[in-house]
Amino acid sequence: MKGNAAIHRDFTVAQIDNRLYSAFIEHMGRAIYSGIYEPDHPTANADGFRKDVLELVRGLKIPAIRYPGGNFVSAYKWEDGIGPQAERPVRLDLAWRSKETNQVGINEFARWAKDADIEMMLAVNLGTRGIEEARNFVEYCNHPSGTYWSDLRRSHGVEDPYGVNMWCLGNEMDGPWQIGHMEAKEYGRLADETSKAVKAFGKGIETVVCGSSNDQMPTYPDWERQVLEECYENVEYISLHKYFGNSSRNSLNYFSKIEETGRYIQAIGGVIDYVKAKKRAKNDVYICFDEWNVWYHNREQDSKNWHEWDWPEAPALLEEDYNLEDAIFVGGLLNEFIRQSDRVKIACIAQLVNVIAPIRTKAGGSAWATSIYYPYQFASLYGRGTALNVAVDCPRYSEDAAQDVNYLDVAGVLAPDGKSITVFAINRSPDETMEFNLSLTGFENVQLIEHKVMGGDASEARIANTHDAPNRIVPRAGEKLGVVDGAVAGELPAFSYSLIRLSVA
Ligand code: AHR
């Protein structure tokens with residue numbers, strides 16, 4: 001089949017916010033304990049963090065990380081995680097029916113984030129707690145000195161404040177499973193007042209209010225309207241969450257969930273515009289898609305187990321072995337975020353290590369990259385700059401999740417220096433090679449820097465990277481694409497994801 005695309009230097013979507021490639025990590029399962037933190041591990045640094053994991057994390061060049069939850073945050077006392085580690089209380093984590101030892105708290109996590117060169121984005125507990133504890137947490141983190149909370153931080157060995165500028169106002173407060181779940185109006189009021197208190201600590205502070213937990217929630221999208229009507233002028237972002245799966249083993253339907261997500265983003269964009277107009281507001285609110293990923297391989301197993309557990313410490317939860325099909329899906333979802341980067345400013349892959357994650361570890365053993373590590377890495381490394389409008393002409397298909405869906409999924413980004421373009425191109429067809437042609441208007445001297453491919457054979461869709469075989473799904477050099485007369489021409493293999501980097505003048 002043929003897939004044609006066209007880019008024009010002057011037709012752009014938006015300046016991409018680098019935080020589009022952020023991540024999320026929660027005190028859940030083995031994300032923290034035996035994920036990033038394992039003091040007895042042979043590679044552990046002086047702070048107890050695994051250096052092998054840090055290396056994989058650094059390879060992703062993650063701009064920001066949301067912490068410490070997730071559902072966990074809604075019953076969490078951040079004060080349990082400060083001061084001498086030996087004196088910290090062990091608590092029951094109600095969200096995941098686990099034991100929380102509090103050996104990692106804000107100061108340990110901040111050291112890890114600094115080592116990994118990632119900015120922190122912190123969530124406050126608005127489930128069992130409220131404005132008072134949130135303002136104390138911000139004061140502990142951000143105030144220089146001379147007050148109870150800032151001096152307490154200094155007494156814990158942290159002289160300089162962290163200057164955390166991104167604060168999430170609770171987590172998934174629309175979900176009946178959430179400890180402290182609320183009605184939209186009451187949450188909107190609390191979020192508004194908490195946001196005011198959090199922002200009192202400094203000019204650069206931005207807050208994220210909870211939107212729906214997903215677009216299937218019965219309260220969606222009226223939740224967003226009601227919440228924003230209470231707090232629009234005091235927040236910068238509204239969060240969206242969505243997890244994906246392919247239990248029906250239908251790849252094309254799976255991939256079309258990306259179009260469904262596009263509609264989700266547009267619907268919330270519409271709600272934002274509606275509330276802005278209704279309130280005659282001057283400020284803009286953007287989308288922070290702060291939980292997204294594939295989550296289904298272990299769902300059944302997880303739901304059977306964790307309700308019966310006798311409060312284990314760091315149990316294996318949601319440890320997905322991602323396969324080739326998931327890698328193609330994740331590349332496509334990142335393309336959608338790029339295409340909608342005028343609305344979506346922050347997005348966080350959920351999560352980072354072990355729990356539905358691009359990085360997995362064995363306690364005491366190795367760490368490895370799952371298949372989805374690579375498209376996420378490519379987007380983060382090369383998807384920065386200006387999102388280009390890419391016009392596409394190709395055959396289409398229809399499935400349950402969406403109709404009239406392109407077989408060719410493509411996004412294009414012009415680098416900040418204007419000297420290179422990166423194209424992320426997916427041929428979704430399980431069995432047909434795509435003759436790909438990309439015309440580039442307004443660019444001179446187009447040259448191919450590199451072409452990397454994942455996939456090419458749908459019979460390998462369910463092959464995954466695992467502990468024993470960590471390198472089955474990795475990118476390889478592409479051989480069938482080139483530049484002819486200033487345009488990209490060649491083949492995209494069936495069922496494949498491509499990174500195409502071009503130098504331009
Ligand atoms: O990421 C796993 C969980 O999914 C998070 O704790 C929660 O916010 C969401 O429901």
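**Aromatic pairs, a helix crossing and backbone details**

Tyr243 counts as buried, at 19% relative accessibility, where buried means under 20% relative accessible area, exposed over 50% and partly exposed in between, with a 1.4 Å probe and protein chains only. The model is predicted, so local features need pLDDT of at least 70 and side-chain atom pairs count only at pLDDT 80 or more, while totals for chains, interfaces and linings use all residues. Residues are numbered from 1 along each chain as its sequence is written, and side-chain values use heavy atoms, with hydrogens and water left out.

A pair of aromatic rings is described by the distance of the centres and the angle of the planes. Here, rings of Phe, Tyr and Trp (its six-membered ring) pair if their centres lie within 6.5 Å, and planes under 30 degrees apart count as stacked, over 60 as edge-to-face and the rest as tilted. By this rule the count comes to 24 aromatic pairs. One of them is formed by Tyr243 and Trp295, which are edge-to-face, with 4.7 Å centre to centre and 90° between the planes. Because Tyr243 lies in strand S9 (residues 237-244) and Trp295 in the loop between strand S10 (286-294) and helix H8 (299-306), the pair ties together parts that are 52 residues apart in sequence; helices (H or I, at least four residues) and strands (E, at least two) are DSSP runs, numbered from the N terminus. Trp295 counts as buried, at 16% relative accessibility.

The rings of Phe289 and Phe337 have their planes at 50° and their centres 5.1 Å apart, so this pair is tilted. With Phe289 in strand S10 and Phe337 in helix H9 (residues 324-339), the pair ties together parts that are 48 residues apart in sequence. Phe289 is buried, with a relative accessible area of 0%, and Phe337 is buried with a relative accessible area of 0%. Elsewhere, Trp78, Phe137, Tyr140, Tyr148, Trp149 and Trp167 form one aromatic cluster.

Charged side chains also meet rings. A charge sits over a ring if NZ of Lys or CZ of Arg is within 6 Å of the ring centre and within 35 degrees of the ring normal. The charged end of Arg66 sits over the ring of Phe24, 4.5 Å from its centre, and Lys345 lies over the face of Tyr286, at 5.3 Å from the ring centre.

Turning to helix packing, helix H6 (residues 222-231) and helix H7 (residues 251-279) pack at an angle of about 35°, with their axes 9 Å apart; axes are lines fitted to C-alpha atoms, for helices over the stretch in contact, and angles run from 0 to 180 degrees between N-to-C directions. The contact, meaning heavy atoms within 4.5 Å, is made by Glu224, Arg225, Leu228 and Glu229 of H6 and by Ile268, Val271, Ile272, Tyr274, Val275, Lys278 and Lys279 of H7.

Some backbone details remain. The peptide bond from Tyr220 to Pro221 is cis, with omega near 0°, and Pro221 lies in the loop between strand S8 (206-210) and H6. The bond from Gly69 to Gly70 is also cis, with omega near 15°. Phe495, a residue other than glycine, has a positive phi, near 55°; Phe495 is placed in the loop between strand S23 (487-492) and strand S24 (496-503), and is buried, with a relative accessible area of 0%.
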